[in-house]
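Let's take a walk through this structure together, one stop at a time.

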Amino acid sequence: MIRVGTGQGTQRLSTSLSLSEVLFRLLALALVDAVAIWLVIRMVADGVWLLVTLVTVITLGLNVIFLREEFYPLRWMSPGLALMILMVVYPLVFTVYTAFTNYSDGHLLTKPQAIKRITTGLQNMYVPEGGITYRWVAFQAEDGTLALWLTDPEGNHYFARPGEPLQPARAGEGIFGPPDEAGVPTAIEGYTRLNRIQAAANRELPSIQFGLPPNAVQVRTPTEAAVLRPRFVYDPERDAIVDQKEGKLYVADDSTGFFVSAEGETLTPGYIVTVGWRNFDRLLNSPAIRGPVIRVFVWTVVFAAASVVTTFALGLFIALLYNDPTVRGRKLIRSLLIVPYAIPAFISILVWRGMMNPQFGVLNRALDTWLGFSPPWFSDPMWARLGVILVNLWLGFPYMMLVCSGALQAIPDDIYEAAEIDGAGAWKKFRLITLPLLLVSVGPLLISSFAFNFNNFNVIYLFNQGNPPMRGTPTPVGHTDILVTYVYRLAFASGGGKDYGYAAAITIIIFLIVAAITLFNFRYTRMWEEVSEHV
Amino acid sequence: MFEQVNGTLSRRQRRQLIRLARWALTLVLVFYALFPAAWVFSASLDPRNSLAQQALIPPNASLENYRQLFANPVQPFGRWMLNSIKVSTITSALAVLISALAAYAFSRFRFAGRRSLLLTILLIQVFPNFLAIVAIFLLLQQIGMYIPSLGLGTHGGLILAYLGGALGINTWLMKGFFDAVPRDLDESARIDGANDRQIFVHIIFPLVRPILAVVGILTFIGTYSDYVLASIILKDRDTMTLAVGLYQLISGQFTQKWGVFAAGATIGAIPIVLVYLVLQDYIIGGLTRGAVKG
């Protein structure tokens with residue numbers, strides 16, 4: 001046995017390790033490093049720099065932690081920390097970065113990617129003025145290489161192969177078989193003639209250059225081939241894209257992420273640039289955006305607060321109802337009443353959606369029979385808001401019931417007895433003793449519940465997708481949308497209008513609010529002190 | 001105690017009145033809590049498969065909806081269920097392991113920055129990582145280029161995304177429990193030559209099984225109930241989890257598919273409800289200390 005580390009007093013970082021354990025640790029680390037290096041080499045080749053950075057940081061971190069004795073405790077946390085950095089911290093950092101960019105539909109690529117997209121590909125090719133167009137027939141050699149039989153408008157024929165100059169040819173001579181009615185050889189020695197369908201099915205064909213560049217011929221349409229020139233060419237010196245056909249210059253504008261001509265025309269796609277505080281500025285100062293955002297924000301707070309208050313009120317009421325230990329069947333009643341909490345929320349929300357269907361839902365049919373009124377839960381803004389709060393009440397009251405009945409039992413009986421001697425009635429006892437004491441002990445849980453409902457995506461999205469929609473907003477937004485579902489809409493809106501930069505800006509605001517609530521809660525519960533004081 | 005007389009009612013009469021009112025309220029509350037479950041169960045047995053005609057006690061009750069649920073390859077319900085169970089089981093097992101290792105270190109070692117590290121972890125995990133879905137999406141896409149089984153559209157990728165949150169409030173819960181295990185036990189084992197790994201595996205682990213079970217079950221239920229991450233990462237019908245699949249099954253078609261949906265909802269909910277009811281005392285302790293169901 002060898003002893004690694006030191007045992008100084010209560011500082012117990014000492015570990016006794018056998019040689020084989022040390023060897024095992026080193027071997028495992030070497031294996032991790034080998035895999036990481038293999039990944040990084042491949043990633044560097046592909047230029048996936050973000051991932052390269054992440055893998056490198058995590059691997060280096062693991063090496064430091066497992067080789068330096070002073071980081072011994074971190075070894076135990078390394079799997080969790082690595083996963084947290086990969087799937088939470090990095091996404092968080094990326095979100096902060098995105099909030100300061102114009103990342104959105106039309107700006108989804110980096111500048112080099114956008115240049116590549118604009119300046120390559122067949123859609124970028126054009127037939128220059130005075131260029132010749134040919135009719136073509138494709139032939140395929142046994143090894144798979146392709147060749148074209150070309151016919152120009154004057155009726156001259158050429159045989160074209162990649163990397164060789166066009167060769168004037170005539171059917172029926174040499175390797176060329178006898179001509180068909182268009183003058184195309186029915187067969188060529190060593191080649192098979194492809195019919196139109198076979199040629200159209202060949203994916204490679206349009207990208208092959210037949211003949212010698214720069215006069216190589218490319219297939220342009222199912223019938224036409226021509227000497228093509230790239231229309232847009234990037235000029236790194238001027239940082240601009242030149243339109244060869246029209247002779248226009250599109251200069252990169254790194255403040256908007258577009259290549260722009262003198263007349264203000266832009267090329268698509270644009271690219272991602274950092275835009276400073278513009279997303280936040282828009283959020284706070286653009287009237288078209290600010291209006292809906294403020295309404296969403298206010299509703300988010302109202303929804304979260306109303307959810308906490310209603311579930312707490314009902315939960316407390318039930319807890320008080322069965323607080324008396326003489327009540328028979330308490331255990332059974334509790335089991336029955338926690339069923340709403342036990343059913344996975346996504347299922348019960350959908351069930352409620354069915355039950356609240358305005359035409360056929362059982363709730364609405366019942367209300368219609370008794371009150372002669374069927375609430376439009378999904379089409380009217382106020383009813384929709386009431387609807388989600390009611391559904392959330394059903395989902396959440398059992399939790400509050402459990403929390404409150406635990407807290408009620410912790411209130412000592414002698415306080416009540418003293419109050420009774422002073423002549424306090426039931427209401428007074430509740431208001432002056434039960435409620436204040438209860439709020440002290442369940443307060444932190446109410447705050448967490450507020451934070452949870454602040455981001456309660458499921459109940460809003462699965463019930464009604466945040467609908468009914470508001471009218472006249474620049475991007476779709478609904479009357480029951482809370483901030484998180486609004487962000488989801490912005491990031492995944494169907495039919496265009498995705499704006500990741502703007503969504504990220506709101507995400508940061510959500511995070512700041514929830515983090516503030518949580519910090520406050522830590523203070524409140526003295527979790528801070530607890531962490532430092534406890535064993 | 002005082003003999004309080006209220007109006008003309010004697011104390012005994014008042015008690016009886018309260019008891020009566022309590023029973024009446026109990027009936028109302030139980031009805032409120034259970035009606036949706038009863039209603040959806042009844043719908044699942046109603047072969048007319050229609051939202052509009054359903055009655056609480058369906059005439060001609062049959063298992064037709066259940067048969068249809070499993071028979072139709074357009075909605076591979078059995079597959080969804082298995083996917084959900086697979087993803088949730090692996091996630092919760094790994095999350096418990098990862099979290100327990102970290103909790104052990106936080107509970108047993110003293111090191112610089114211990115307190116701030118724990119608080120940092122707690123605070124970072126407040127960030128709902130589905131909000132960074134664009135980053136996660138791109139990340140999984142790129143990871144998938146090198147390790148296909150962890151890429152976009154795979155269960156591996158989804159589990160990876162869930163495990164990002166393995167450390168967090170659960171570690172805090174576990175640490176509290178670990179702290180309650182007397183350190184004398186470690187000390188005496190150490191004197192007998194045990195190292196930290198042996199102490200963790202043979203001494204601490206068996207003693208903290210209850211909290212591991214609670215965290216495991218809560219993680220399982222949370223993962224099982226997740227809709228957002230799963231809906232974005234899994235697009236293929238055969239890889240979907242139950243939450244995504246059921247939502248797709250019913251969305252926009254409440255009136256035509258109500259019965260089949262109800263059968264799916266019943267099967268999907270029963271295992272979780274049973275776990276809750278059987279282990280309620282166990283779970284409630286964990287819940288009321290701050291873990292929130294997803």
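Start at B:Ser231, which counts as buried because it has 21 C-beta neighbours inside 10 Å. (Buried is 20 or more other C-beta atoms within 10 Å of a residue's own, exposed is 12 or fewer, and partly exposed is in between; C-beta atoms are placed from the backbone.) You'll find B:Ser231 in helix H11 (residues 228-233) of chain B. Helices here are DSSP runs of H or I with at least four residues, numbered from the N terminus. Go 12 residues along the chain from B:Ser231 and you reach B:Ala243, with 8.2 Å between the two C-alpha atoms.

A word on what you're looking at: this is a predicted model, where local features need pLDDT of at least 70, side-chain atom pairs count only at pLDDT 80 or more, and totals for chains, interfaces and linings use all residues. Residues are numbered from 1 along each chain as its sequence is written, while chains are lettered from A and ligands numbered from 1 in the order in which they are written.

Now, how do the two chains meet? Chain A puts 79 residues into the contact and chain B puts in 78, where contact means C-beta atoms, placed from the backbone, within 7 Å. On the chain A side, helix H3 (residues 72-99) of chain A gives the largest share, 17 residues. That side of chain A has 57 nonpolar, 19 polar and three charged residues. (Ala, Val, Leu, Ile, Met, Phe, Trp, Tyr, Cys and Pro count as nonpolar, Asp, Glu, Lys and Arg as charged, and the others, Gly among them, as polar.)

What about the nonpolar cores? A core is a set of buried Ala, Val, Leu, Ile, Met, Phe, Trp, Tyr and Cys residues joined through C-beta atoms within 7 Å. The largest one has 191 residues, and A:Leu350, A:Val487 and B:Leu246 have the most contacts inside it. Beyond its neighbours within four places in sequence, B:Leu246 touches residues including A:Ile347, A:Leu350 and B:Phe261. Another core, of 26 residues, lies apart from that one and includes A:Val137 and A:Phe176.

Finally, look at chain A by itself. An automatic or database domain assignment divides chain A into domain 1 (2-99), domain 2 (128-227) and domain 3 (285-533). Taken over C-alpha atoms, the centres of domain 1 and domain 3 of chain A are 40 Å apart. Four residues of domain 1 of chain A are in contact with six of domain 3 of chain A.

Notes. Two residues are in contact if their C-beta atoms, placed from the backbone, lie within 7 Å. Helices (H or I, at least four residues) and strands (E, at least two) are DSSP runs, numbered from the N terminus.
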